[in-house]
Amino acid sequence: MSANIGTIRPRPAAVALTPAAEARVAELMAKAPEGAIGVKLSTPRRGCSGLAYSVDYVTEAAAFDEKIETPGGLFFIDAASVLYLIGSTMDWQEDDFAAGFVFANPNAKGACGCGESFTV
């Protein structure tokens, strides 16, 4: 007797990028330094609440990083950061005074007053 395995569905990405965030990734990749293959989101330990969001160019894919294909280029999520980011939405917002990526993270239990770091 053989078990019916069924259809394997692709799992959803850990982070959803808004159209504005995808457009910003495209802008970054259009002026990326030579050798960059995409941009990568990570959550290094820093700031007054513990973890911060960091987006940087990446020149090679790490073995366990999550890879998201966007219209403007590859977007990677650091493997060690995925658990802190599952279900998050990443947006790009600009006004007259500031511009930057903004995160709606259901895993964050608190954030510092300046919004630069968060706790889980």
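Which residues is Thr89 in contact with, leaving aside its neighbours within four places in sequence?

**Entry 1: Thr89.** I took contact as heavy atoms within 4.5 Å, and on that basis I found Thr89 in contact with Ala16, Thr18, Val102, Phe103 and Ala104, once its neighbours within four places in sequence are left aside. The model is a predicted one, in which local features need pLDDT of at least 70 and side-chain atom pairs count only at pLDDT 80 or more, while totals for chains, interfaces and linings use all residues. I number residues from 1 along each chain as its sequence is written, and I use heavy atoms for side-chain values, with hydrogens and water left out. I placed Thr89 in strand β7, where strands (E, at least two residues) and helices (H or I, at least four) are DSSP runs numbered from the N terminus. Thr89 has a relative accessible area of 32% and is therefore partly exposed; buried means under 20%, exposed over 50%, and partly exposed in between, with a 1.4 Å probe and protein chains only. I also noted that the C-alpha atoms of Thr89 and Leu17 are separated by 5.8 Å, although these residues lie 72 apart along the chain.

**Entry 2: Asp91.** I then turned to Asp91, which also lies in strand β7, residues 88-94. Is Asp91 buried or exposed? I found Asp91 buried yet without a salt bridge, the nearest side chain of opposite charge being Arg24 at 11 Å. Here a salt bridge is a side-chain nitrogen of Lys or Arg within 4 Å of a carboxyl oxygen of Asp or Glu, and for charge Lys and Arg count as positive, Asp and Glu as negative, with His and the chain ends not counted. The side chain of Asp91 does make a polar contact of 2.6 Å with the side chain of Thr18; such a contact is a pair of N or O atoms within 3.5 Å, where within protein one must be able to donate a hydrogen and the other to accept it, and residues adjacent in sequence count only if both atoms are side-chain atoms. Beyond four places in sequence, the contacts of Asp91 include Ala20, Ala21, Gly100 and Phe101.

**Entry 3: aromatic rings.** I found two aromatic pairs in the structure, taking rings of Phe, Tyr and Trp (its six-membered ring) as paired if their centres lie within 6.5 Å, with planes under 30 degrees apart stacked, over 60 edge-to-face and the rest tilted. Tyr53 and Phe103 have ring centres 3.9 Å apart and planes at 10°, so this pair is stacked. It links distant parts of the chain, with Tyr53 in the loop between β3 (51-52) and β4 (54-58) and Phe103 in strand β8 (residues 99-104), 50 residues apart. Phe103 is buried because its relative accessible area is 17%. Trp92 and Phe101 have ring centres 4.9 Å apart and planes at 70°, so I recorded this pair as edge-to-face. Both Trp92 and Phe101 are buried. The charged end of Arg24 sits over the ring of Trp92, 4.4 Å from its centre, the criterion being NZ of Lys or CZ of Arg within 6 Å of the ring centre and within 35 degrees of the ring normal.

**Entry 4: Thr70.** I placed Thr70 in strand β5, residues 66-70, and counted Thr70 as buried because its relative accessibility is 10%. The side chain of Thr70 reaches the backbone oxygen of Gly73 at 2.5 Å.
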